Amino acid sequence: LMDTYLPAFHACAVRAGAKAVMCSYNKLNGIPACAHEGLLTGMLRQKWGWHGAVVSDCGAVEQTMHTHRFTTNEPETAAAVLRAGTDLLCGLAPEAAHQDSVFERHLPRAAAAHVRGL
């Protein structure tokens with residue numbers, strides 16, 4: 001991963017100055033990409049210093065629950081992906097994000113990421 005995939009991703013996201021990236025449908029070490037805090041927050045934002053928006057494909061967040069069985073319900077899924085660093089959730093009912101206090105904690109970061117991407 002570090003030698004093959006991440007150098008190209010770093011070149012596109014960081015060196016080329018991408019304003020947004022999309023988390024993928026797959027998982028790494030048992031953790032769905034949209035809920036992978038190590039990738040989205042640890043690697044992308046903290047280690048690489050990238051400040052753009054992480055958006056989801058419309059089925060990727062839902063698959064965190066249904067396909068990967070990483071979470072068991074929509075509020076838990078919304079909380080997991082927001083906590084990990086996904087800023088725009090597509091595919092869940094809007095009320096799912098509001099049912100967990102994690103929404104209020106991560107809303108400023110998510111909104112700021114989108115504004116920087118404009």
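Reader: How much accessible surface does the protein have, and what share of it belongs to carbon and sulfur atoms?
Author: The model is predicted. Its accessible surface comes to about 6400 Å². The share of this surface that belongs to carbon and sulfur atoms is 59%.

Reader: In what order do the elements of the protein run?
Author: The secondary structure consists of six helices and four strands. Read from the N terminus on, the order is α-β-β-β-α-β-α-α-α-α.

Reader: Which element gives the most to the largest nonpolar core?
Author: That core has 19 residues, among which V21, L44, W50 and V54 touch the most other members. At least two residues each come from α1 (6–15), β1 (20–23), α2 (37–47), α3 (60–66) and α4. The greatest contribution, four residues, is from α4.

Reader: Which residues does W50 touch, not counting those up to four places away in sequence?
Author: W50 is one of the core residues that touch the most other members. With residues up to four places away left out, W50 touches A13, V14, A18, K19, A20, V21, L44 and R45.

Reader: Is T77 buried or exposed?
Author: T77 lies in helix α4. Leaving aside neighbours within four places in sequence, T77 has contacts with V61, T64, M65, T71 and L92. Because its relative accessibility is 0%, T77 counts as buried.

Reader: Which side chain is joined to that of D87 by a polar contact of 2.4 Å?
Author: D87 sits in the loop between α4 (74–84) and α5 (94–98). Its relative accessibility is 8%, so D87 counts as buried. The side chain at the other end of the 2.4 Å polar contact is that of R45.

Reader: Why does Y5 count as exposed?
Author: Y5 is found in the segment before α1, and together with L1 and M2 it makes a nonpolar surface patch of about 360 Å². The cut-off for exposed is over 50% relative accessible area. Y5 counts as exposed because its relative accessibility is 60%.

Reader: Among contacts between residues at least 6 apart in sequence, what percentage join residues at least 24 apart?
Author: A contact means heavy atoms within 4.5 Å. Of the contacts between residues at least 6 apart in sequence, the part joining residues at least 24 apart is 63%.

Key: Residues are numbered from 1 along each chain as its sequence is written. This is a predicted model: local features need pLDDT of at least 70, side-chain atom pairs count only at pLDDT 80 or more; totals for chains, interfaces and linings use all residues. Side-chain values use heavy atoms; hydrogens and water are left out. Buried means under 20% relative accessible area, exposed over 50%, partly exposed in between (1.4 Å probe, protein chains only). A polar contact is a pair of N or O atoms within 3.5 Å; within protein, one must be able to donate a hydrogen and the other to accept it, and residues adjacent in sequence count only if both atoms are side-chain atoms. A nonpolar core is a set of buried Ala, Val, Leu, Ile, Met, Phe, Trp, Tyr and Cys residues joined through side-chain atoms within 4.5 Å. Accessible areas come from the Shrake-Rupley method with a 1.4 Å probe; for residues, only the protein chains shown count as cover. Patches are made of residues with over 30% relative accessible area and no salt bridge: like charges are joined within 9 Å, nonpolar side chains (Val, Leu, Ile, Met, Phe, Trp, Tyr) within 5 Å. A salt bridge is a side-chain nitrogen of Lys or Arg within 4 Å of a carboxyl oxygen of Asp or Glu.
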